[in-house]
Amino acid sequence: METNKPLVSISCITFNHGKYLREALDSFLMQERDFDIEILIHDDHSTDDTIDIIKEYTERYPDIMRPMYEEENQYSKGISNISGVFNFPRARGKYIAMCEGDDYWSDPLKLKKQAAYMEAHPECALCCHAAGIVAEDGAFRTVEELKPFAGSGVIKAEDVISKKENIPTASLFFRTEYAKQLPQWYFDCPVGDIPLQLAMLMHGSVYYFNEAMSMYRMGRAGSWGESMENDAAKLKWERHFDAMSKLYAEFDKDTEGSYREAVKEAVARSRFLIDIKEDKKEAVLDPANSKFLRELPDTERKLLILKAKHRRIYDLIRSIYKLL
């Protein structure tokens with residue numbers, strides 16, 4: 001029975017994750033530890049069997065599970081950073097570990113490793129790690145891993161701000177005290193991970209384990225340099241870019257320009273990634289984007305270049321690919 005104040009609060013948000021939720025919850029409960037935990041689970045008005053699963057686990061583990069159920073979907077009402085609004089304020093642990101209901105942890109020592117490092121390094125605000133990738137159908141992609149940095153160690157602030165690949169959500173482990181004093185730009189942003197990372201940088205260092213200790217569930221079959229299908233999709237991505245630009249501008253202001261070059265690069269990378277979604281061949285051929293182009297997977301990069309330079313050949317190859 002968990003009776004003491006937990007060392008770690010696990011923040012889990014769910015919405016129609018019934019297909020995956022048991023795997024996530026079991027991965028929390030399998031953690032080998034010598035400290036107490038709590039599972040802060042927030043359900044955003046699921047319409048599948050997610051709520052039934054949460055109630056089942058709450059009955060089995062009443063001292064660990066702390067569920068919250070919404071009568072209306074909060075995301076549709078404009079609250080995009082659900083964790084920061086509903087879970088972080090009620091966390092009782094010294095640390096918060098994140099994992100959404102459709103991902104899961106793969107290493108039973110994950111929490112122990114991260115807690116040990118944070119306990120030994122009070123200057124560290126955020127700890128994270130690599131992740132493996134599992135396909136929507138459950139088939140492991142053993143050759144693919146999300147590794148935003150080259151190796152384990154303290155990561156330079158500039159490399160956290162501007163990186164080729166985002167840090168996996170299910171790897172984030174940070175100090176609760178900082179999560180309860182997040183700046184307004186965190187809540188204004190349409191995504192939660194990047195503003196959270198930026199906010200933690202304002203309090204301390206970031207440590208990265210180059211070990212895949214969680215699994216990210218990828219719902220699409222792979223990237224073929226897919227373009228926007230319609231104007232509504234383009235508008236959505238342009239609004240996203242505007243919001244991210246504003247986020248970086250606010251962070252730059254609050255840090256008094258200390259990381260300006262990294263901020264500029266992060267904005268430029270975001271612009272490039274949206275441009276290729278919008279099928280802008282000039283973005284692919286612009287020498288100023290060569291660094292960002294090199295960061296893409298080899299096949300995707302070659303296809304983008306082929307598409308920009310020889311569209312007819314690209315269309316022929318793509319039509320054959322679809323048939324196969």
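Visitor: Where is the place of Gly192?

Guide: In this predicted model, Gly192 is found in the loop between α7 and α8 (193-201).

Visitor: What does Gly192 touch, not counting residues up to four places away in sequence?

Guide: Gly192 touches Asn81 and Tyr186. Contact here means heavy atoms within 4.5 Å. As for Ser80, its C-alpha is 7.5 Å from that of Gly192 in space, while the two residues are 112 apart in sequence.

Visitor: How many aromatic pairs does a search of the whole structure find?

Guide: The search finds twelve. One of them is formed by Trp185 and Phe251.

Visitor: Why is the pair of Trp185 and Phe251 called edge-to-face?

Guide: The ring centres are 6.1 Å apart, and rings pair if their centres lie within 6.5 Å. The planes of Trp185 and Phe251 stand at 85°. Planes over 60 degrees apart count as edge-to-face, so that name applies to Trp185 and Phe251.

Visitor: What makes this a link between distant parts of the chain?

Guide: Trp185 belongs to helix α7 (residues 184-188) and Phe251 to helix α9 (residues 231-254), 66 residues apart.

Visitor: Are Trp185 and Phe251 buried or exposed?

Guide: Both are buried, which means under 20% relative accessible area.

Visitor: Why is the pair of Phe272 and Phe292 called tilted?

Guide: The centres of these two rings are 6.0 Å apart and the planes are at 40°. Under 30 degrees would count as stacked and over 60 as edge-to-face, so the pair of Phe272 and Phe292 is tilted. Phe272 is in helix α10 (residues 260-277) and Phe292 in helix α12 (residues 290-294), so the pair ties together parts 20 residues apart in sequence. Both Phe272 and Phe292 are buried.

Visitor: How do you know that the charged end of Arg271 sits over the ring of Phe241?

Guide: The charged end of Arg271 is 4.5 Å from the centre of the Phe241 ring, and the distance cut-off is within 6 Å. The term also requires a position within 35 degrees of the ring normal. Lys55 likewise has its charged end over a ring, that of Tyr69, 5.8 Å from its centre.

Visitor: Which residues of α13 and α14 meet?

Guide: Leu303, Leu306, Lys307 and Lys309 in α13 meet Arg311, Ile313, Tyr314 and Ile317 in α14. The residues of this contact comprise five nonpolar, no polar and three charged.

Terms used:
Residues numbered from 1 in each chain as written. Predicted model: local features only at pLDDT ≥ 70, side-chain atom pairs only at ≥ 80, totals over all residues. Heavy atoms only, no water. Helix = DSSP H or I, 4+ residues; strand = E, 2+ residues; numbered from the N terminus. Buried < 20%, exposed > 50% of the residue type's maximum accessible area, 1.4 Å probe, protein only. Nonpolar A, V, L, I, M, F, W, Y, C, P; charged D, E, K, R; others polar.
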